[in-house]
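Before reading these points, please open the sequence beside the model and keep both in view.

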Amino acid sequence: MHILHHHIASVEKLSLTTTGCPLLIQCRNFRVVHFVVPRERDCHDVYSSLLRLLRPVSYDELYAFSYNPKQNEQQREEGWQLIDLGAEFERMGVPCDQWQLTDANRDYKVRRESSSKMLLTMSCDVFVRSRYPLKKIRVRILCNCTHITASKYPMNCRKLQVQEQRPFPCPDLFLPGKEAAVCRCSQPLSGFSARCLEDERMLQAISKANPNNRFVYVMDTRPKLNALANRAAGKGYENEDNYSNIRFQFVGIENIHVMRASLQKLLEVVGTRSLSVTDYLEGLENSGWLRHIKAVVDAAIFLAKAVTVEGASVLVHCSDGWDRTAQVCSLGALLMDPYYRTIKGFMVLIEKDWISFGHKFADRCDQLDGDLKEVSPIFTQFLECVWQLTEQFPQAFQFSDWFLIQIHEHVHSCQFGNFLGNSQRQREELQLKERTHSLWAHLLSEQQNFLNPVYNPSFAETHPVLEPSTQPWNFKQGEASSLAVKSSMSYPVSASTPGRRLHHPGLRARRPLSTNEDKVFWRNMYHQFDRSMHPRQSIVKHTLMLKESSKELESTVRALQAKLQKFGVSTSPLELHSRQKERNLPARPQSLILGAPLSRKEAQQEDEEEEVYGEEVREDVPVGSGEERTVEGSSATENGYGELQGSFDSKSEPAIVSLEFGVARMTC
């Protein structure tokens, strides 16, 4: 068993027992490992070492700076050049008549957290973007907006001080056919009554850049109560009375603290085996995890409809612009653009909307010894939202859920440099492209392992924009364990037509759900180390799943045999067996278990040249007992080691590991 230090989230030393000192390790990839160390002193040494290793104090201690995949410098550079955001904006159709490029952010003085040194601005009479601003009044607005100080504009403009690293509106997605742009920013410093003319002009600029629709939807991804509380601190949200061209909408996605607590509750429920069905379902409902997933997907649907149905530009923001905003914008882009549903396109999407726009991976993923209150599963939540979409539209995505899981693994492993740090400026200061390797090159080299077998490229022609349903029965808690339950979730009753103002589905009339809902747990993410059958799992569904898996494996074997035959390599089992017998096997050790002599079966193996298949290793007990035992990797008692304790008191028992429901149990 191999566990990276950076995957370890916490280590707990439990009370001493008669068998030894237990050690509980919980990992960020949802693995839970139990160790039982016979000597308390040894357990304390392991415990102290792990505590030090799981909380590095500097970036140089992270695995990425020592990882060596045996690549030369040219291969390293090529790996980092696979994703080109400049080419991505050209694919969108920018720069164009409405948007132009500027290097105002070349020294990160405008947007310190942005990955791009380029800013966007409108070519009409307005300013916008963090990659593209405008022409006629660009200089004046840039001066007014990028040199704001707290003394001159204490409460009315969006925070732009470099110290605070608050982003102002910048484009994230541009649809040439609709001439509509999706922009993102932070909350304005509006307070209860303050105004900012520059901020109003920026939104007018976004509006004028879209000749098809003069209105701009402003999506505040926070709950309204949270936004009102921020108003008391001089922040807040846009007042529609001061903006003549906006349509404002709250979304209601909770903050990082609520999400962190929700995931913890979810893991506690699914990791407990002794719960009754009623307690299990109540625990899942009380965790609120699916409600949060639904809120994010609802917001992305609203964004996609505003752009594709009404042809309107949309401005998305939360408090800071790097958590809920990243979730909604990236998920909305996934719904609107089929390119992002491919393996390469999904990498570009993460690079653009998460890494480039300054999602705080170091804080949210707890890369260094910092404030634990900043840790939150924001990116994990996004990956589950994507998985929910792949379940509803399996033909639309080139990648399988294994691709999502691998990305999640390496976000926390710190093995590659892509996700290190909190901003692009910080990554450049760390010289990550010169000192570490890119994850994207690694994933692309193994993309055959991540292909979705039911992917249909022509599906994008008939369904260019995905329209998922967020009614409860369309949401899944995972694959494998199907539970028919009565849910207390509610679903929206709303409608929107072109030309009418869109309403967020979570804000219209609701009625309780009285029908049954199938809830299933995403085992491949949260229980990926568990391959046993759940007590409440349907035997029929499990059998069908195993049957389909066997068919896929058989198909893979036939494909590999065809490749071997193409290269002139025989795939005959008899010929392979004869080649193995010709090999000179190295001498075996005298014992595998506690110094016991070789069994009669092992002694005859060289003479008869038999080959033993299977996972069970049968060995005789010492001569004279007349019995045989089977070693299956269970417990010392089950293996009969207790019978030998008198003869081998000075020898410790071998390490025993078992995986049950995602929990590894090891006895040393």
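Predicted model: local features only at pLDDT ≥ 70, side-chain atom pairs only at ≥ 80, totals over all residues.

1. How do helix H7 and helix H8 pack? Helix H7, residues 256–270, and helix H8, residues 277–287, have axes 8 Å apart and pack at an angle of about 170°. Angles over 145 degrees count as roughly antiparallel, and H7 and H8 are therefore roughly antiparallel to each other. On the H7 side the contact is made by Ser262, Lys265, Leu266, Val269 and Val270, while H8 contributes Tyr280, Gly283, Leu284, Asn286 and Ser287. Sorted by class, the residues of this contact of H7 with H8 are 5 nonpolar, 4 polar and 1 charged.

2. Helix H13, residues 378–392, and helix H14, residues 401–413, form another pair, with axes that come within 10 Å and cross at roughly 175°. That angle makes H13 roughly antiparallel to H14. From H13, the residues Phe379, Thr380, Leu383, Val386 and Trp387 meet Asp401, Leu404, Ile407, His408, Val411 and His412 from H14. The contact of H13 with H14 divides into 7 nonpolar, 3 polar and 1 charged residues.

3. By class, the contact of H3 with H11 holds 4 nonpolar, 1 polar and 3 charged residues.

4. Helix H11, residues 343–356, also contains Asp353. Is Asp353 buried or exposed? Asp353 has a relative accessible area of 0% and is therefore buried, the cut-off for buried being under 20%. Apart from its neighbours within four places in sequence, Asp353 is in contact with Asp172, Arg184, Ala326, Cys329 and Ser330. For Ser330 there is a further detail, in that its backbone nitrogen lies 3.3 Å from a polar atom of the Asp353 side chain. Gln327 is 26 residues away from Asp353 along the chain, and the C-alpha atoms of the two are separated by 8.4 Å.

5. Arg76 belongs to helix H2, residues 73–80. With a relative accessible area of 12%, Arg76 is buried. Which residues does Arg76 touch, not counting those up to four places away in sequence? They are Gln71, Lys433, Glu434, Arg435, Thr436 and His437. Within this group, Thr436 can be described in more detail, because its backbone oxygen is reached by the side chain of Arg76 at 3.1 Å, a distance that falls within the 3.5 Å cut-off for a polar contact.

6. The last point concerns cysteines and their surroundings. Cys96 has a relative accessibility of 17% and so counts as buried, and Cys185, at 1%, counts as buried too. Where a disulfide is taken to be a pair of cysteine sulfur atoms within 2.5 Å, the count for this model comes to 0 disulfides.

Terms used
Residues numbered from 1 in each chain as written. Heavy atoms only, no water. Buried < 20%, exposed > 50% of the residue type's maximum accessible area, 1.4 Å probe, protein only. Axes fitted to C-alpha atoms, helices over the stretch in contact; angles between N-to-C directions. Helix = DSSP H or I, 4+ residues; strand = E, 2+ residues; numbered from the N terminus. Parallel < 35°, antiparallel > 145°, perpendicular 65-115°, else oblique. Contact = heavy atoms within 4.5 Å. Nonpolar A, V, L, I, M, F, W, Y, C, P; charged D, E, K, R; others polar. Polar contact = N/O pair within 3.5 Å; in protein donor to acceptor, adjacent residues only side chain to side chain.
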